[in-house]
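Please open the structure in your viewer, with the sequence alongside, and follow the stops below in order.

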Amino acid sequence: MSESVSRRLELRELADDQATLLALEAIEASQAHGLSQSQLIDVLNDDARCVLGAWWQACESSGCESLDGETSIEELIGFVVLAHGPFEAEIEAITVHAAQRGQGVGARLLAAAIAQARDWQRDSGLERLLLEVRASNAAAAALYAKAGFTRDGVRKGYYPLVDGGREDAWLMSLPLV
C-alpha cells in the first residue's frame with residue numbers, strides 16, 4: 001500500500017438497524033433543528049421512503065480500492081430522506097454533520113436524491129420533486145436553486161424557533177418530466 005491515502009465519498013441506502021439509528025442520531029445532535037429518534041425510526045421503517053447515507057471511504061492514491069483487502073469506511077457524515085408519493089416525490093431532509101459541511105457532501109446527496117426521484121418518475125410517472133427550506137438557510141436555498149429547483153411559495157411561520165418565534169418555509173420544486 002502506498003503512503004498516500006485520499007478519500008472518496010460513498011453513498012448508499014441505509015439499513016434499518018440499531019447502528020444506523022445511532023449514527024443518524026449523532027448527525028442530528030450536531031444540528032440546530034434535528035429529527036427526533038422516533039422520527040428517524042419512522043423514516044427507516046417506511047417503504048415509501050428512501051434514505052441514502054454518505055461516508056468518506058479511505059483510498060490509496062492509485063484508486064479507491066480496498067485497503068489491505070478490506071473497504072475502510074468511516075462514520076456516517078450525512079443523509080437524505082426522499083419520500084415517494086402518488087404524483088410527486090419530496091426531499092424531507094438533507095442533513096450533513098456540522099463538522100463536515102462545505103465539502104460538497106450536501107450537493108452529492110441532493111444529486112443522488114434527484115437521480116432516485118427520476119428513477120421513480122420513469123417507473124410511476126411522478127411529475128416533480130418537492131422540498132421546503134428554512135427562509136434563513138441561504139446556503140441550502142442556493143444549493144437547491146443551482147440544482148434547478150425554483151421557489152413556488154411560502155409557508156408563513158412554519159418552523160418553530162428556540163426563542164418561541166416562528167420562521168417561514170420556502171417551498172421549492174424541480175420538474176421531473
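How many residues of the lining of the largest pocket are nonpolar, how many polar and how many charged? The lining divides into 20 nonpolar, 13 polar and 8 charged residues, where Ala, Val, Leu, Ile, Met, Phe, Trp, Tyr, Cys and Pro count as nonpolar, Asp, Glu, Lys and Arg as charged, and the others, Gly among them, as polar.

Before going further, note that this is a predicted model, in which local features need pLDDT of at least 70 and side-chain atom pairs count only at pLDDT 80 or more, while totals for chains, interfaces and linings use all residues. Residues are numbered from 1 along each chain as its sequence is written, and side-chain values use heavy atoms, with hydrogens and water left out.

Select Ala93, Ile94, Thr95, Asn137 and Tyr144, which are the closest to the centre of the largest pocket among the 41 residues that line it. The space in this pocket is about 1300 Å³; a pocket is an open set of points on a 1 Å grid over the protein atoms alone, where a 1.4 Å probe fits, with protein on both sides within 12 Å along at least five of seven lines, and lining residues have an atom within 4 Å of a point. Now colour strand S4 (88-96), which gives the largest share of the lining, 7 residues; strands (E, at least two residues) and helices (H or I, at least four) are DSSP runs, numbered from the N terminus.

**From S4 to S5**

S4, H3 and S5 make a right-handed β-α-β unit, meaning that, with the strands pointing away from the viewer, the path from the first strand over the helix to the second runs clockwise. S4 and S5 pair in the parallel sense over 3 bridges (pairing requires at least two DSSP bridges), and Glu88 has Arg128 in S5 as its bridge partner.

**On to S7**

Next select strand S7 (residues 166-175), which runs antiparallel to S5 and is joined to S5 by 7 bridges, with Leu131 opposite Met172. S6 and S7 form a hairpin with 5 residues between them, and Gly164 in the turn has a positive phi of about 95 degrees.

How values were computed
Grid points are joined across faces, edges and corners, and a volume is the space filled by probe spheres set on the points.
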